[in-house]
Amino acid sequence: MILLSIGCSLLVGGAFLHAEDSYSYDYWGNLQHGPDPYRVKTVLEYKQFSPDLPLRDPRGLFIRGDIAWVCDTGNKRILEIVIAGKETGTTRRVIDSFINKNGIEEPFESPTDLYVDDKGVMYICDTDAGRVLKLDRDRRFMLEFTKPTDPTFDQNLSFMPMRVVADRLGRAFVLSKNINRGLIKYENDASFIGFFGASEVTFNWSDYVWKLLSTRAQREQMASFVPTEYENIAVDSDGFIYATTMTFETWKLLGDQAKPIRRLNALGNDILIKNGEFPPIGDLSWGVAAGADGPSKLNDITVFDSDRYVALDQTRARLFAYDSQGNLLFAFGGRGNSNGRFRKPVALDHRGRDLYVMDAAEGSITVLTPTEYGNIVYDALDEYNRGDYDASAKRWQDVLRLNGNYDLAYIGMGKAYFREENYKKAMEYFELKRSEEYYAKAFALYRKDWVEDNIVILFIFAVLLLAAPPLVGHIRRVIREVEHS
Amino acid sequence: MNFMTQRLSVFTERSFWSHLAETLRYSLYVITHPIDGFWDLTHERRGSIGAANIIVIATLLTRVWKLRFTSFQFNDINWQEVNIFMEFASVLLPLAIFCICNWGVTTLFNGKGTMKNIYMGTAYAITPYALIQIPLIILSRLITFEEGTFYQVFSTISLAWSAGLIVAAMMMIHAYSLKKTLLFMVITIFAMMIFIFIFMLFFSMISDGFAYFISLAREIIFRLN
């Protein structure tokens, strides 16, 4: 038996992630290990797609269709890598310059991030040049988004675009270093519209008291009240922008005041759905181990078509997958040298259900693909969203066979039973994993059914209850009269 | 042995049980007529320590039943992490410390109550807790999370009522005015804090002292070897 299991682990060990690396959290916030949701499909080494020149400080990764664009920032170039089909892992095109307004080739200074729309138009952050370039498919200059001249923009600050996304109309959202007023929004003719998605400045009583007590010199040294500076942005299929931030106070995380992941609507308000027991913040408890300390710092995020999102944690090199309701589906990955672990993961994107993680230290892109378990969980969620509750319940049952510690599976089963109007069974499942909200719904309907079924008994009971005291009194009186007479 | 049988023979007497039942039933009068009730409780000997003990035990049981049987919608507790002795202690320790501190403070300031009276009064005063919380456990199984307002309101009433009764009990037992009672309640709370602080200090000193001698002994044994 032992030999067999060792044999099995030798056979599959290489392909899977590492044992005990994948987990989720239960209702109480306790870590529950689970099967691996993802396995390594392949690792694209730089030797494969850039044999002559190793990647230097790559920062940006973008995937659309069968192509991955890698911003090789240190080498001032962008690689277009084929990631599907026969030619997987080969570089289709190396873009190290563009054709400028005057028709002359002009090199990039430091391309850090790019966004490509469905027509192949590229938006490239050229950080040190202080511009975001909009180039057509053949890298001819179309537009340039530069430092806004608007008075609302502090002209003393340098404009260093780090991240860019664009919507269908060609409006660009740019994240610039040093700017803590949110994203910079441009019209599709490159004119500045305004700032977008800055979090409100919070007032802090203890800071205020400290400031009253300190001298002017001390006051000047203190950091002023600054709103969040975003770390990374991604755009979902509906055009909402997902942003992550690393600047927050640790104690604000669990109370959901830090909001490291945000979904911004057209007004720049955070509309991320958080129906889970805990807000989406990555790890819930953060011990000191293996040189890592402190909470998860999410440095990239990618959003699936079904509003599921995966965030990349810089602290422990882990990936956190959440469903559209903000429940943690699974956490996996970790720091290390072997396949499926990362040394310095900097960028994350997806293609279908596959995840692509770029490791800046290795200069490689790790391709992760869901295991049977991961796929069943995704299928169960998809089928529920589609309204196919029977199929969803079956999937959740399969999930439970693979992972009995998975709260979402129990709640998913409960939901499926609820839709089938089997409220008693649904209540059992909801109670097991303490889903108050759904339990209340199921119980209200169960109670209604019960009262309707037993209305006669209840009626008789009520009549007896009302009739009993006068009746007893009457009998007593009769007895007394009989005794006295 | 003779002494033991003599003591135990009390339990076989009919008058003992009827007295216990009567004094226990008196708790229902006390909670609805606190001023009268608490005066008669001690001055007219209408209460008994036995009944007080039963009320305290009922409170302890209510506390555990509440954790165990209340619908999970109103009871956010991980049953695996509950220590039943800690739950008992969370009732008994404050009760004991309150009685001791209240007695200690009031004896110095003309309080008429003896330790026995204070314990009896406090125990009778917490009757509403068990009386309301036990029906609430059943209620919690019949209502949903959204209808939880009823539950919260009654739960608060059970505590507020008990608190009010404790004040009334102390007022009658010590024959204080209302103002003086309230003042001494505050002083009692301070005294309780000091009591707990001194105890913690005492235990930490003792454990440090033991640790010192143990390490000294270890060192000597180590050297001798």
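The side chains of A:Arg140 and A:Asp138 meet in a salt bridge, N to O at 3.7 Å, where a salt bridge is a side-chain nitrogen of Lys or Arg within 4 Å of a carboxyl oxygen of Asp or Glu. Both partners are partly exposed: A:Arg140 has a relative accessible area of 42%, and A:Asp138 comes in at 41%. For reference, buried means under 20% relative accessible area, exposed over 50%, and partly exposed in between (1.4 Å probe, protein chains only). This is a predicted model, with local features needing pLDDT of at least 70 and side-chain atom pairs counted only at pLDDT 80 or more, while totals for chains, interfaces and linings use all residues. Residues are numbered from 1 along each chain as its sequence is written, chains are lettered from A and ligands numbered from 1 in the order in which they are written, and side-chain values use heavy atoms, with hydrogens and water left out.

Over all chains, the structure holds 35 salt bridges. One of them joins A:Arg341 to A:Asp21, N to O at 2.9 Å. A:Arg341 sits in the loop between strand 24 (328-333) and strand 25 (345-351) of chain A, and A:Asp21 in the loop between helix 1 (2-13) and strand 1 (23-25) of chain A, so this pair ties together parts that are 320 residues apart in sequence. Helices (H or I, at least four residues) and strands (E, at least two) are DSSP runs, numbered from the N terminus. A:Arg341 is partly exposed at 25% relative accessible area, whereas A:Asp21 counts as buried at 13%.

Another salt bridge brings A:Arg93 and A:Glu80 together, at 2.6 Å from N to O. The pair links distant parts of the chain, with A:Arg93 in strand 7 (residues 91-95) of chain A and A:Glu80 in strand 6 (residues 77-82) of chain A, 13 residues apart. Elsewhere in chain A, a network of salt bridges links A:Arg308, A:Arg353, A:Asp379, A:Asp382, A:Glu383 and A:Arg395.

A:Arg395 from that network falls within the residue range of helix 6 (residues 389-402) of chain A. Buried in helix 6 of chain A are A:Ser392, A:Ala393, A:Trp396, A:Val399 and A:Leu400. Seen down the helix axis, these buried residues fall within an arc of 115°, so they line one face of the helix; the arc is that of the directions from the helix axis to the C-beta atoms. An α-helix has 3.6 residues a turn, so residues three or four places apart point the same way. The buried residues of helix 6 of chain A pack against helix 5 (372-386) and helix 7 (407-419) of chain A, contact being heavy atoms within 4.5 Å. On the face turned away from the buried side sit the exposed residues A:Lys394 and A:Arg401.

Now for the interface. Chain A and chain B bury about 1,200 Å² between them, with carbon and sulfur atoms giving 53% of that; buried area is the accessible area (1.4 Å probe) that two parts lose on being put together, summed over both. In chain A, A:Trp28, A:Arg434 and A:Glu436 lose the most area to chain B, together 40% of what that side buries. The contact takes twelve residues from chain A and 14 residues from chain B. Two salt bridges cross the interface. A:Arg447 forms a salt bridge with B:Glu147, with the closest N and O atoms 2.8 Å apart. The largest share of the side of chain A that touches chain B, six residues, comes from helix 9 of chain A.

Over in chain B, B:Thr23 belongs to helix 2 (residues 14-32) and is buried, at 2% relative accessible area. Its side chain reaches the backbone oxygen of B:Leu20 at 2.8 Å. The side chain of B:Thr23 also makes a polar contact with that of B:Ser48 at 2.9 Å; a polar contact is a pair of N or O atoms within 3.5 Å, where within protein one must be able to donate a hydrogen and the other to accept it, and residues adjacent in sequence count only if both atoms are side-chain atoms.

Conventions:
Expected span 1.5 Å × (residues − 1).
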